[in-house]
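Hi,

Here is the structure I promised to pass on. Have a look at it first, and then read my notes below.

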Amino acid sequence: MIKIENLHKKFGKNVVLSGLDLEIKNGGIFAILGPNGSGKTTLIKSILGMVVPNSGQIYLNGATIKNGWKYRKQIDYLPQIANFPGNLKVKELIRMIKDLRQMPSNEEELITQFKLEPFLDKKLSTLSGGTKQKVNIVLSFMFESPLLILDEPTTGLDPAALINLKKLIMQEKEKGKTILITSHIMQFVAEIADEIVYLLEGKIYFKGSIEELMTKTQQTDLEHAIAAIATTPTHV
Amino acid sequence: MKLVSLFILILSLFQGVSQEPKRVTVCETCELKSISEAIEIAADHDTIVVKKGTYKEFNILVDKPLTIIGENYPVIDGEDKGEIIRIVSDNVTIDGLFIINVGTSYTSDYAAIRVVKSEHFVIQNVVLEKLFFGIYLEKSNYGKVYHNKIIGDAVDEYNSGNGIQLWYSKHVEVEKNIVQHVRDGIYLEFSDDITIKENTSTDNLRYGLHFMFSNNDVYLNNVFENNGAGVAVMFSKRIKMIGNTFRKNWGTAAFGMLLKEINDAEISGNTFEENTIGINIEGSNRIAYKNNNFIKNGWAIKVLGACYTNTFSQNNFLYNSFDISYNSKLNDNVFDQNYWSDYTGYDLDKNGIGDVPYRPVKLFSYIVNKTPETIVLLRSLFMDIIDFSEKVSPVFTPDDLLDANPLMKKVL
Amino acid sequence: MFKILKYSFYDLIRSRWSYVYFLFYLLLGFVLLFLNNDVSKAVITLMNIIIILVPLIGTIFGVMYFYNSKEFTELLLAQPIKRSSIFLGQYLGVAGSLSLSLVLGLGIPFVLYGIFKSDAIFDFSLLLVTGAFLTMIFTALSFNISISNENKIKGFGYAVLLWLFMAVIYDGLFLMSLIVFKEYPLDSFSLVATMFNPIDLSRTLILLKLDISALLGYTGAVFKQFFGTNTGLFVSLGTLLLWTVLPIWRLTRISKKKDF
């Protein structure tokens with residue numbers, strides 16, 4: 001699905017990605033983890049084409065994404081910070097995104113699922129953080145793209161919504177989609193992730209299943225394993 | 001007085017008895033085929049009727065009091081050989097001729113019709129084309145030049161002549177003529193007590209009207225448009241200029257009117273519209289400017305050199321790029337109760353007069369005088385700012401030059 | 001691109017500021033015409049307003065919109081849309097709605113007043129055309145500034161500085177250089193210097209109509225050629241177009257390289 005070769009990215013003098021190589025196969029849930037500033041969001045944004053790498057290549061289904069934009073039809077993205085044009089109403093935003101993408105969508109189902117009906121006619125600037133995140137989720141889950149990228153999807157969600165979200169993610173996985181997730185909630189990661197990609201200092205430090213990670217770090221829970229991983233000398 | 005008129009009456013009765021004025025007809029198929037021949041056989045006070053046709057003649061000498069009338073505009077073609085009609089007798093009337101192809105010369109001023117040292121002449125309804133000089137009055141008084149049409153084809157100043165020229169002539173009326181495309185439309189030199197009325201002088205190479213050393217003249221209700229340099233009034237005294245229109249005189253040295261060494265004149269009710277300079281004033285004193293309209297000129301009034309005790313009142317200054325320009329800091333002229341479209345003051349006591357004086361001279365006009373290229377910065381915010389600061393405390397412009405009673409409404 | 005344009009445009013049309021801007025011009029038009037009852041004077045006053053205020057509004061509005069729609073932009077960036085389309089669409093949305101406010105705001109009172117029957121119609125349409133051009137140019141410039149500056153305050157500062165420079169400082173320097181070098185033939189220089197500032201350029205375009213009498217008073221042959229014929233009009237309009245196209249072109253170029 002995704003193949004990344006020798007990806008470099010600097011912001012000014014600040015090196016964020018330095019020769020990152022990564023291959024992600026079709027299907028399954030991949031959790032991209034790493035300490036703050038390790039380059040998780042930069043990696044995701046590079047895949048989305050929002051960040052232009054200094055060097056290196058990214059391939060999606062074998063084709064380079066450089067200077068392209070049509071490949072984004074295959075990606076649904078949930079941004080980390082759910083900021084929307086405040087002048088628009090929720091309904092209008094959904095209609096607009098649909099209009100822009102011109103794909104079949106199932107937003108009604110999601111709206112009911114997240115109980116967003118009362119907010120449809122409200123302006124986005126009046127919504128609470130959690131509600132905004134729900135809208136955010138609706139927007140990214142309403143299309144059927146083969147690749148789903150979720151940047152901190154749990155932010156601001158109440159428990160009920162969180163359960164809904166997990167259900168949704170699992171459903172999508174069942175459909176055979178590839179899902180990339182970043183999160184700081186290890187419990188959430190442990191529950192849903194098939195594979196862990198651990199980023200450190202702009203490189204992939206570890207890539208493998210949770211079990212592999214635990215055996216490698218000789219820890220019993222993910223949280224500790226992740227904390228220990230940086231100190232473990234061997235890596236992939 | 002009574003005795004004199006009685007004498008004239010008797011004289012005319014006597015003439016009537018002795019010699020009935022007769023009509024002499026000239027036509028292409030008549031016995032008389034040329035005007036010259038007709039003049040030769042005609043007696044004093046006869047009328048020569050010229051029928052429609054083409055007469056190739058020049059140097060026609062009118063040496064006796066005659067009336068020469070053209071019927072349906074007979075053409076007199078000078079074939080560029082020289083002067084066409086020369087009048088050397090009093091009481092001559094020329095009416096309704098179409099004169100073309102006056103000879104061009106660098107040594108003598110050939111004219112279509114020249115009047116020399118004669119009085120009581122009338123030249124009317126004449127059409128002149130392809131001419132050098134048109135109607136030339138030389139030391140001739142008490143005449144009338146009425147309703148003629150002079151259409152030249154002048155290209156260069158050095159080989160073109162003037163439409164109507166008066167030289168040492170007095171008490172002449174020049175009225176309702178149309179003059180176009182000659183060097184100076186109407187030219188006066190050493191000619192006093194002339195009335196120039198309701199003429200239209202346009203598209204001339206140099207001046208629409210040109211005065212030199214002529215005093216006590218009146219010109220009113222004329223139209224001067226698109227002349228090379230406008231109208232020039234120079235070295236003359238007691239001229240009255242009333243109700244004329246000066247329009248669209250554009251160019252480097254173009255103005256609606258140039259006043260040079262003019263004293264004691266009256267300029268009122270004129271309209272100066274879209275000229276590069278409305279009135280260019282040099283060394284002219286004691287002139288009253290009243291009820292004039294200055295509309296959309298580059299400079300409404302440009303004052304150069306010493307001009308003293310002139311008064312400007314009840315004039316409208318509308319949308320000129322510059323209202324007044326001075327090249328010195330001295331001011332001895334009075335501006336009072338004019339309407340200025342640029343005036344931004346207020347009238348709290350509602351008496352129709354602005355409560356704040358208006359300063360018609362802008363610093364920018366001073367700068368443009370010094371560095372002409374700066375004209376491209378006209379109406380820029382920067383210029384507005386420095387104009388404003390100059391307005392607050394005048395440094396470069398005469399600080400006593402202001403209209404203390406600017407009107408709030410246009411003078412009608 | 002047209003979809004983005006549509007949404008930006010709708011977004012702006014519904015924002016308070018567009019109305020304020022529109023109503024301002026509407027009011028201005030009515031006050032100038034119906035209180036003064038003098039079209040020529042109204043046109044002159046409008047000219048002063050247009051060459052100063054329109055660039056300022058274009059600049060500030062452009063910067064404000066750009067920074068405020070950062071989220072919108074990011075949302076769009078993840079969508080299958082060409083980058084240049086996003087920015088062009090937003091740019092055209094802002095420039096379009098501003099121009100529309102200007103043209104309608106001033107146009108309505110003038111039409112009601114009967115501009116079509118007046119001979120000032122040409123002056124007036126020229127004013128609106130230059131106003132629209134200035135809006136396009138300064139919005140494009142402000143977009144350029146904001147896309148190159150992450151920091152909102154800095155971007156805002158640069159934008160206001162740009163306006164101040166173009167509206168006032170440039171002319172001050174221009175005037176000074178003309179006075180200092182007045183011994184030399186300056187007419188070509190002064191025309192070229194005019195071309196390098198869109199505000200001066202627009203002003204010149206309007207001067208061609210309002211002050212042609214004064215402009216023709218200058219002796220230089222280049223001036224005569226420029227102001228006396230249609231050359232001035234065409235050259236100015238052409239350069240204004242260039243001023244519009246160049247910043248837009250740079251905007252699309254930068255937008256391709258920028259990280260979000």
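**A helix pair in chain C**

Helix α2 (residues 16-36) of chain C packs against helix α3 (residues 39-68) of chain C at an angle of about 170°, and their axes are 11 Å apart. Axes here are lines fitted to C-alpha atoms, for helices over the stretch in contact, and angles run from 0 to 180 degrees between N-to-C directions. That makes α2(C) roughly antiparallel to α3(C), a label used for angles over 145 degrees. Helices are DSSP runs of H or I with at least four residues, strands are runs of E with at least two, and both are numbered from the N terminus.

Before going on, two notes on the model. It is predicted, so local features need pLDDT of at least 70 and side-chain atom pairs count only at pLDDT 80 or more, while totals for chains, interfaces and linings use all residues. Residues are numbered from 1 along each chain as its sequence is written, and chains are lettered from A and ligands numbered from 1 in the order in which they are written.

Back to the pair: from α2(C), residues including C:W17, C:Y21 and C:L28 meet residues of α3(C), among them C:T45, C:I49 and C:F61. Contact means C-beta atoms, placed from the backbone, within 7 Å. The residues of this contact divide into 10 nonpolar, two polar and one charged (Ala, Val, Leu, Ile, Met, Phe, Trp, Tyr, Cys and Pro count as nonpolar, Asp, Glu, Lys and Arg as charged, and the others, Gly among them, as polar).

**Helix α5**

Helix α5 (residues 83-113) of chain C has 31 residues and spans 45 Å from its first C-alpha to its last, close to the 45 Å expected at 1.5 Å a residue (1.5 Å times one less than the number of residues). α5(C) has a kink of about 30° at C:G107, shortly before the proline C:P109; the bend is the angle between axes fitted to the seven residues ending there and the seven starting there. Just after α5(C), C:G114 has a positive phi of about 100°.

**Between the chains**

Chain A and chain B have no contact, and their closest C-alpha atoms lie 36 Å apart.

Between chains C and A, 20 residues of chain C are in contact with 20 residues of chain A. On the chain C side, α4(C) gives the largest share, five residues. By class, that side has eight nonpolar, three polar and nine charged residues.

Cheers

Technical notes:
Contact = placed C-beta atoms within 7 Å. Parallel < 35°, antiparallel > 145°, perpendicular 65-115°, else oblique.
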